[in-house]
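Thanks for sending this one over. Here are a few notes to read with the model open beside you.

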Amino acid sequence: MIDKTDGFWRIKRKIKQLRATVQRRASVIIIVGLFLVTAILPSAAQMVAQNSQVSGLPNRKNAVSKGEALYEAQQFGDAVKILQQQNTIYAANGDKLQQAMTLSNLSLAYQELGQWTEAQEAIAQSLKLLQNLNNSKQRAEILAQTLDVHGRLQLARGQAETALASWQQAADIYTQIDYKDKFIRNRINSAQALQILGLYPQAKKILASVQQSLRSSKDSLLKATGLRSLGDVLRVVGDLDESRLVLKQSLEVASSLGANQEKTEALLSLANTARAQGDQAALDFYQQAAAVSVSPSTRVQLLLNQFSFLVETKQWNAAVGLAPNIESEINKLHKSRMAVYARINFAQIRAKVKQNYKKDTNSWLNIAQLLAKAVEQAESLEDKRAQSYAKGTLGWVYEQTGQFTDAKNLTDKALFIAQSIQASDISYQWQWQLGRLLKTKGDTKLAIPYYEQAIKTLQSLRSDLVATNLEIQFSFRENVEPVYRELVELLLQPPLGTELPQDNLKQARFVIESLQLAELDNFFRQACLTAKVEIDRVAEQDQTAAVIYPIILQDRLEVILKLPGQNNFKHYATNIAKQEVESTLEQLRENIPQPHTLRMVQSLSRRVYDWLIRPAERDLAENKIKTLVFVLDGALRNVPMASLYDGKDYLVSKYAIALSPGLQLFDPKPLPRKELQALTAGLTQARLGFPALPNVERELKEIKSQVGTSVLLNQQFTSQALEKQMKSLPFKVVHLATHGQFSSNLGKTFIVAWDKQIKVNELSNFLFLRKSNSKEAVELLVLSACQTASGDNRAALGLAGVAVRAGARSTLASLWNVDDESTSILMSQFYQELAKTPNISKALALRHAQLALLQNPQYQRPRFWAPYVLVGNWL
């Protein structure tokens with residue numbers, strides 16, 4: 001794997017590209033499927049490879065070969081020893097150029113071992129040596145590659161801005177010495193750093209430039225791997241269709257070159273993207289890749305991906321049939337970190353089969369033996385990260401079998417190791433595991449601090465979790481969300497014979513708000529949201545508004561109520577299984593849009609009213625509450641709160657209603673009424689497979705009669721025209737009367753323009769650029785003909801995502817398609833209220849518009865007026 005005359009190492013197996021980064025930073029994927037993902041940054045192996053492309057000395061080739069072989073075998077501890085020896089020799093000989101290269105490689109090996117201080121010292125020494133050497137093309141190339149290594153270390157330590165600066169220095173050097181391939185890799189790295197910093201339009205611009213450069217170049221291995229890396233990046237940011245297109249181009253290039261390894265990697269990435277799209281073609285891609293002649297490690301990766309996909313899609317018989325083949329292939333692997341992780345990953349997926357498929361004959365003992373072998377190999381490798389993973393996962397198996405003492409001992413050791421190498425991405429899993437073990441033991445007082453530590457660690461890892469793990473949405477519900485929910489459950493469990501302490505209620509509210517933020521980060525696959533205002537200040541902004549936090553737990557439905565002007569929280573609960581709550585909500589959501597289900601809808605709505613509102617009726621009345629703000633949880637997001645029924649009246653008859661995905665995300669300010677201007681756009685004609693909306697033109701005319709507007713209708717309503725209008729004109733309101741869909745899948749959340757579907761990220765970019773240019777946020781975004789995706793019980797997350805990511809203070813949207821004539825009436829009334837009624841809040845304006853339909857015999861059923869929800873700032 002070494003060029004015999006080169007000083008830096010060259011990689012041949014590009015399947016390792018970026019894997020090391022994922023293993024180091026995104027530990028959550030270990031539970032779900034380590035080998036399913038490819039990451040964005042080049043792996044340490046590739047960076048070491050890049051460092052091999054500079055001339056060296058013949059008398060060092062054997063030692064370098066041995067060092068690289070150990071590194072390639074992921075025996076990092078032994079590689080460090082060889083590199084330290086080489087560094088000493090070069091220092092003694094005064095060969096500063098070779099010493100600088102060796103130190104850069106040594107930093108990479110230290111990074112793999114989690115020895116961050118040593119990694120920093122090595123890279124600092126390398127850079128110091130290079131700065132004192134005379135300028136030459138050889139020195140410039142080594143300096144650029146060393147800066148790339150430094151950027152990798154900085155990003156791993158959470159220093160995205162400094163990483164970006166290092167990579168920019170390297171990019172400038174690559175440009176000067178005309179090294180296009182390394183420049184392209186460098187640009188992809190920079191794009192990830194920009195994403196982590198929240199600079200998404202800039203990242204997208206860089207990636208577009210990279211894509212154009214690769215497409216226009218001749219077919220080569222660089223083009224195949226570059227397109228594949230770009231396709232993986234696009235999957236990370238949720239652009240799944242474009243990811244698939246680019247990956248197909250990578251596959252075509254690899255096939256034309258007859259490059260089996262690159263072809264396999266492209267098929268693997270295609271499978272990952274298809275899987276993220278929920279497309280069964282993923283299995284076909286895995287099988288095609290497995291048919292290509294590949295190395296043993298790549299074959300194991302493919303089999304594990306296929307295995308996890310079969311388990312995810314509940315194809316149990318096929319999964320059980322594949323397992324013996326996987327175990328046989330794993331046993332053929334040489335000792336390495338990859339072999340350790342393969343055993344861990346295989347054991348975890350086998351455990352999932354054991355837990356969910358009754359016909360599985362595999363024993364917990366066999367699973368434990370797999371992990372014991374992983375522990376043994378990790379210790380032999382002196383690989384602390386691998387040791388922590390293996391011991392912690394073995395502790396998890398003991399937890400499943402009720403051997404709690406052994407489970408705790410192993411988990412304590414795993415946590416100690418993870419913390420000793422500052423591996424927070426691993427630590428949170430074992431903090432959570434210790435919390436669970438103590439909770440099972442009944443020691444709530446000791447369990448809570450471990451849960452608190454786990455959540456604190458998760459919050460510090462926001463960027464890492466969403467930026468490096470391409471399958472985070474698959475693992476989030478299993479490995480992140482339960483940490484928050486289990487802590488809330490402990491906090492809301494009152495001591496026997498005593499009232500629940502107010503501190504517990506306040507902390508539970510904070511945790512559930514944090515979960516809302518984590519869900520949105522996960523939805524966008526980017527840590528793009530920040531708190532804009534302190535929660536209690538928002539709650540006190542409107543002295544006639546109460547905030548309601550319903551929380552769905554396994555055995556009960558908890559509600560926390562915050563009333564204005566009161567420091568103490570109210571709290572009540574209903575003992576009811578989560579499954580029953582979700583079944584009721586699903587029935588209500590399915591029936592409410594239907595034309596002949598009124599009695600059933602009222603019965604189901606009354607039940608939900610009894611859970612959420614009835615216990616608080618007296619408090620709401622005594623405090624003269626006019627507006628209810630719901631921070632909804634889980635399946636409750638799919639049901640319009642306006643339709644809750646007390647047996648006589650709907651909730652909207654008594655209160656204005658608003659939703660918030662988290663009070664801290666919106667700065668509550670009233671809508672400025674002076675010369676209210678709106679940008680309106682819509683489609684009346686059938687387009688892109690969606691039916692005509694004949695009343696949209698009337699709707700837009702009615703709005704124009706109430707407020708000043710600029711109108712884009714039909715052919716005028718293109719994505720480019722909308723972007724131009726949003727960027728150039730200072731509209732406070734943007735009203736889009738067109739088909740759209742909200743989904744828990746980022747790639748399936750969009751609105752329809754004349755020329756194409758505008759995805760939520762693109763719409764967000766339009767508004768982001770507008771805000772950057774004018775420094776004024778859109779006050780109100782209205783999406784009047786949208787719906788939540790059919791069969792997606794978390795689809796309303798997409799609505800919350802649009803509301804937050806769009807950057808508007810408030811978003812008014814519909815949960816399902818409604819008769820567009822009634823929509824026209826409601827929207828006209830809504831804008832009339834805003835324009836003509838002094839100081840009216842947006843929530844109250846919506847209530848009046850809904851009541852106008854409710855009081856109209858033609859539209860009095862909830863299916864017409866209930867789907868409209870106001871998200872965000874309700875003032």
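**Notes on the predicted model**

1. H22 covers residues 424-441, which makes 18 residues. From its first C-alpha to its last, H22 reaches 26 Å, close to the 26 Å expected at 1.5 Å a residue.

2. How many of the 18 residues of H22 are buried? The count is 14, so H22 is largely enclosed by the rest of the structure. Buried here means under 20% relative accessible area.

3. Do have a look at what follows the helix. Just after H22 comes Gly 442, with a positive phi of about 90°.

4. Helix H23 is made of residues 444-460, and its axis comes within 8 Å of the axis of H22. The two axes cross at roughly 160°. Angles over 145 degrees count as roughly antiparallel, and H22 and H23 are therefore roughly antiparallel to each other. Their crossing is left-handed.

5. On the H22 side they include Tyr 428, Trp 432, Leu 434, Gly 435, Arg 436 and Leu 438. Among the H23 residues that they meet are Leu 446, Ala 447, Tyr 450, Tyr 451, Ala 454 and Leu 458. In general, an α-helix has 3.6 residues a turn, so residues three or four places apart point the same way.

6. Now to the nonpolar cores. The largest has 155 residues, and those with the most contacts inside it are Leu 612, Ile 613, Leu 620, Leu 628, Phe 630 and Met 641. Helix H27 (residues 502-524) gives the most to this core, with 8 residues. A second, separate core has 65 residues, including Leu 310, Ala 351, Val 353 and Leu 394.

7. Which residues does Phe 630 touch, not counting residues up to four places away in sequence? They are Ile 548, Ile 613, Met 641, Leu 651, Ile 657, Ala 658, Leu 659 and Ser 660. Two of these partners, Ile 613 and Met 641, are also listed with Phe 630 among the residues with the most contacts inside the largest core.

8. Elsewhere, Ile 82 lies in helix H5, residues 76-93. Buried or exposed? At 11% relative accessibility, Ile 82 counts as buried. Ile 82 and Leu 70 are 12 residues apart in sequence, and their C-alpha atoms are 9.0 Å apart in space.

9. Finally, the whole chain. There are 38 helices and 13 strands, and 63% of the 875 residues count as buried. Among contacts between residues at least 6 apart in sequence, 72% join residues at least 24 apart.

Note on methods: Residues are numbered from 1 along each chain as its sequence is written. This is a predicted model: local features need pLDDT of at least 70, side-chain atom pairs count only at pLDDT 80 or more; totals for chains, interfaces and linings use all residues. Side-chain values use heavy atoms; hydrogens and water are left out. Helices (H or I, at least four residues) and strands (E, at least two) are DSSP runs, numbered from the N terminus. The expected span of a helix is 1.5 Å times one less than its number of residues. Buried means under 20% relative accessible area, exposed over 50%, partly exposed in between (1.4 Å probe, protein chains only). A nonpolar core is a set of buried Ala, Val, Leu, Ile, Met, Phe, Trp, Tyr and Cys residues joined through side-chain atoms within 4.5 Å. Contact means heavy atoms within 4.5 Å. Axes are lines fitted to C-alpha atoms, for helices over the stretch in contact, and angles run from 0 to 180 degrees between N-to-C directions. Angles under 35 degrees count as roughly parallel, over 145 as roughly antiparallel, 65 to 115 as roughly perpendicular and the rest as oblique. A crossing is left-handed if the near helix is turned anticlockwise from the far one by less than a right angle, and right-handed if clockwise.
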